[in-house]
Amino acid sequence: MEYDFDTIIPRRATDCEKWDLPAEDGVLPLWVADMDFRAAPAIVDALSRRVDEGVFGYALPPSSWHESLVRWLTRRHGWKIRLNSILDATGVIPALAATIRAFCKPGDKVIIQPPVYNCFYSVVHDQGCGIVENRLLRIPVPDGGEGDFTYEIDFEDLEHKAADAKLLILSNPHNPAGRAWRADELRHVGEICLRHGVFVASDEIHADLQMPGSRHVPFASLGGDFSQWSATFWSASKAFNLAGLQTAAVVCANDAARERIRHVLRVNRTGELNPFGFVASKVAWDECEGWLDALRTHIHGNYSALMEFIRDRLPVLQVARLEATYLAWVDATPLGVPSVELTHRLEHEAKVKFSSGAIYGEEKGAAYLRINLASPRATLLEALERTAGFIKELKRK
Ligand SMILES: Cc1ncc(COP(=O)(O)O)c(C=O)c1O
């Protein structure tokens with residue numbers, strides 16, 4: 001079946017963060033991580049049927065939505081989990097908040113791996129805990145690979161930092177570095193964390209968005225000890241564009257650890273789902289594999305278009321290899337403008353909104369942009385044209 005990822009859907013004035021937050025009209029927003037596509041037809045149909053029921057009282061999520069997730073994880077990722085190892089949550093960030101609260105006291109240290117998803121900083125701080133940064137190491141892409149640079153984990157530094165920490169938040173695959181961590185890398189992380197009693201919170205929200213040649217390795221699939229001393233955070237929200245439905249799952253094989261997380265989810269009132277979230281997620285996993293594969297092809301096509309544009313027109317920029325996610329990580333340091341100022345000026349002068357590398361903890365003195373590739377190709381190319389015009393002006397001045 002053919003799916004359409006090229007029709008431009010007007011989203012301005014639809015009460016949506018991505019298009020309605022820019023104050024000025026006419027800004028192309030390629031920032032926050034949602035996609036400018038309609039959900040898969042089967043999802044829209046299932047939600048329409050649910051709306052037709054016309055009654056929207058408190059929901060009782062059926063175990064069948066967990067069964068769909070179990071089948072999905074087995075089929076797509078070769079990861080077998082027990083049905084009763086799943087908890088419901090109203091989002092990955094609320095579930096991470098509960099997990100930090102379950103395993104850490106205020107003042108305890110939590111490790112994150114910058115440059116990394118900005119909410120990891122806030123969710124740790126909001127629980128009264130301290131951040132410990134295990135910064136990723138930037139390396140050139142080996143010859144013949146896509147992209148100009150990529151990242152690896154600084155294991156030596158992690159060994160150091162783990163001695164004094166309670167929990168590690170893993171971004172697997174990594175937003176915004178674009179890495180789909182290999183089994184050997186995850187095992188190395190896991191061994192260090194086990195050695196120091198650091199609980200691993202593996203955020204796998206982007207797992208289904210693998211690019212050609214990459215494969216998702218769930219951290220907890222690597223073996224008994226790793227699955228016993230970790231929790232995995234999963235959702236259909238990124239891959240199927242359902243983020244507004246605020247539905248996620250926590251997979252935790254360790255009964256005692258899972259009960260601790262369940263308790264905090266209950267105390268925080270973040271464990272009860274709305275009826276649309278589980279209806280849509282279940283259909284996504286049961287019926288929308290073909291749509292997802294077509295989407296991934298489109299995203300990779302957009303990544304290639306971005307690389308080609310930058311190579312031909314903006315060689316001053318460098319692009320990270322994209323193994324997974326729909327988020328391109330672009331180094332704009334040679335422009336000589338700090339990234340907060342750069343994104344501000346791009347938004348107001350060129351009318352294109354990207355995310356500033358500063359919020360992800362980019363290196364000091366660097367200026368990165370995170371560009372959301374999940375739009376029709378024409379939108380992406382128009383945004384790049386505007387960026388090129390801006391950079392031309394910048395150089396002229
Ligand atoms: C790595 C990562 N984790 C979590 C989230 C947010 O999850 P949720 O909306 O389910 O809280 C995002 C959203 O962009 C993300 O990129």
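Trainee: How far apart do the C-alpha centres of domain 1 and domain 2 lie?

Mentor: In this predicted model, the C-alpha centres of domain 1 and domain 2 lie 25 Å apart. The domain assignment gives domain 1 as 17-41 + 289-396 and domain 2 as 55-287.

Trainee: What makes domain 1 and domain 2 count as being in contact?

Mentor: The criterion is that the C-beta atoms of two residues lie within 7 Å. On that basis, 29 residues of domain 1 are in contact with 35 residues of domain 2. On the side of domain 1 that touches domain 2, helix H11 (289-313), E11, strand E12 (327-331) and E15 each supply at least two residues. H11 gives the most to that side, with 5 residues.

Trainee: Why is His300 called partly exposed?

Mentor: His300 is found in helix H11. A residue is buried with 20 or more C-beta neighbours within 10 Å and exposed with 12 or fewer. His300 has 19 C-beta neighbours inside 10 Å, and therefore counts as partly exposed. Leaving aside neighbours within four places in sequence, His300 is in contact with Met211 and Pro212. The C-alpha atoms of His300 and Ala236 are separated by 19 Å, these residues being 64 apart along the chain.

Trainee: Why does Ala183 count as partly exposed?

Mentor: Ala183 has 13 C-beta neighbours inside 10 Å, so Ala183 counts as partly exposed; a residue with 12 or fewer would be exposed. Ala183 is found in helix H7 (residues 183-196). Apart from neighbours within four places in sequence, its contacts are Val217 and Leu222. The C-alpha atoms of Ala183 and Arg12, 171 residues apart along the chain, are separated by 42 Å.

Trainee: How do you know that the span of helix H3 is close to what is expected?

Mentor: Helix H3 (residues 63-77) has 15 residues and reaches 21 Å from its first C-alpha to its last. The expected span is 1.5 Å times one less than the number of residues, which for H3 is 21 Å. The span of H3 is accordingly close to the expected value. After H3 comes Gly78, whose phi is positive, near 60°.

Trainee: Why are the buried residues of H3 said to line one face of the helix?

Mentor: The buried residues of H3 are Trp65, His66, Ser68, Leu69, Trp72 and Leu73. Seen down the axis of H3, they fall within an arc of 155°, and so they line one face of the helix. On the other side of H3, Ser63, Ser64, Arg71, Thr74 and Arg75 are exposed.

Trainee: What covers the buried residues of H3?

Mentor: The covering elements include strand E2 (86-89), strand E9 (230-234), strand E10 (248-251) and helix H10 (275-287).

Trainee: Which residues have the most contacts inside the largest nonpolar core?

Mentor: They are Val110 and Leu167, in a core of 128 residues. Helix H4 (residues 92-103) gives the most to this core, with 9 residues. The core draws at least three residues from each of domain 1 and domain 2. Not counting residues up to four places away in sequence, Leu167 touches Ile100, Phe103, Cys104, Val110, Val198, Phe199 and Ala201.

Trainee: What makes E11 and E14 the edge strands of their sheet?

Mentor: The open sheet is formed by 4 strands in the order E11-E12-E15-E14, with antiparallel pairing. Strand E11 (318-319) and strand E14 (355-356) each pair on one side only, and are the edge strands.

Trainee: How do you know that the neighbouring strands of this sheet pair?

Mentor: Pairing requires at least two bridges between two strands. E11 and E12 are joined by 2 bridges, E12 and E15 by 5 bridges, and E14 and strand E15 (residues 368-372) by 2 bridges. As for individual positions, Val319 has Val330 in E12 as its bridge partner, Trp329 stands opposite Arg370 in E15, and Ser356 stands opposite Leu369 in E15.

Trainee: Why is E12 described as mostly covered?

Mentor: In E12, 5 of its 5 residues are buried. Leu327, Trp329 and Asp331 are buried on one side, and Ala328 and Val330 on the other.

Note on methods: Residues are numbered from 1 along each chain as its sequence is written. This is a predicted model: local features need pLDDT of at least 70, side-chain atom pairs count only at pLDDT 80 or more; totals for chains, interfaces and linings use all residues. The arc is that of the directions from the helix axis to the C-beta atoms. A nonpolar core is a set of buried Ala, Val, Leu, Ile, Met, Phe, Trp, Tyr and Cys residues joined through C-beta atoms within 7 Å. Domain bounds come from an automatic or database domain assignment.
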